[in-house]
Amino acid sequence: MDRPAESKVDARALNGVSETALMTLNGRAYQAAHSHAIIDDPEAIRLVESIAFDFDKFGRRGQEMALRSLAVDRCATAYLHEHPEATVVALAEGFQTSFWRLNSIIGDPRFNWVSVDLEPVMRLRERLLPTSPRITNLAQSALDYSWMAQVDSSAGVFITAEGLLMYLQPRQAMDLIAACAERFPGGQMFFDVPPTLVKKVAPRGMRSSRHYRVPPMPFSLSPRQLARLTQTVPGIKAVHDVPIPKGRGLFFGTLFPAFWQWGPTKNFRGAYTLLEFA
């Protein structure tokens, strides 16, 4: 049941890239509440019900956001099985609820969590989400590398940049990747990028509905270009092209996962990328 409007937290002040955090939350919550849910995410459902915002302006609530989160969860879970006391760093975390999903997936969870995002988003996270002694919130830009000094890397580090790098300028994105590789040897990093065609055909951003335009995405690399990061970025020892999880229905359950892996079309799609640091 929806909360009364007067008890909801107003998020209408968010704009620009920060506002996209609400779009991804809405898509994930919708898929979690679906009668044939593809993701178990009760915190996402509760968040949408707790926020005063016109979510309808974003338009469709497809499976893509939930599938991306499932891909992140699988990579993080694999790393945490090998490094159970590692620190997960969620850059530009927005309204992701990965901590609670991983908590329920992993038996005896001992990992720690560092959430990094701009102050307006972080203050809303702190009002809306449960607290935990294993969570450290840092209200700052991911491009302010001082967050690195707050990360205990002694037991391993897994970095997520879910829905972040594509909104950065190419040099900013590559510098962030390089800085993480240098600072966290033995760690891993997950990020996603859209098809390289997006920055060419939609330099002002893509419309998701009549009432909303997603901000421009100036950074992207094809899977072939991503594979070469081992040769061009010191400290990266392996690049994994992560498969898209299977979703619901014929398209997301069969056709799109097959398209994702098919050689002739591989370099025309987006990418989920997992980096291993030397």
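Helices, of at least four residues, and strands, of at least two, are DSSP runs numbered from the N terminus. On this basis the secondary structure of the chain, in what is a predicted model, comes to 10 helices and 11 strands. The radius of gyration is 18 Å, close to the 19 Å that the globule rule gives for 278 residues, so the chain is as compact as a globular protein of that length. Along the principal axes, the C-alpha atoms fill a box of roughly 55 × 45 × 35 Å.

Of the 278 residues in the chain, 53% are buried. Contacts between residues at least 6 apart in sequence were also examined, and 75% of these join residues at least 24 apart. Charged side chains number 31 positive and 27 negative, and the centres of the two sets lie 8 Å apart.

The structure holds 0 disulfides. A disulfide requires a pair of cysteine sulfur atoms within 2.5 Å. For cysteine 75, the closest cysteine sulfur is that of cysteine 180, at 16 Å, and this is too far for a bond. The closest cysteine sulfur to that of cysteine 180 is in turn that of cysteine 75. Both residues are buried: cysteine 75 has a relative accessible area of 11%, and cysteine 180 has one of 0%.

How values were computed:
Residues are numbered from 1 along each chain as its sequence is written. This is a predicted model: local features need pLDDT of at least 70, side-chain atom pairs count only at pLDDT 80 or more; totals for chains, interfaces and linings use all residues. Side-chain values use heavy atoms; hydrogens and water are left out. The radius of gyration is taken over C-alpha atoms; the globule rule is 2.2 Å times the number of residues to the power 0.38. Buried means under 20% relative accessible area, exposed over 50%, partly exposed in between (1.4 Å probe, protein chains only). Contact means heavy atoms within 4.5 Å. Lys and Arg count as positive and Asp and Glu as negative; His and the chain ends are not counted. The place of a charge is taken as NZ of Lys, CZ of Arg, CG of Asp or CD of Glu.
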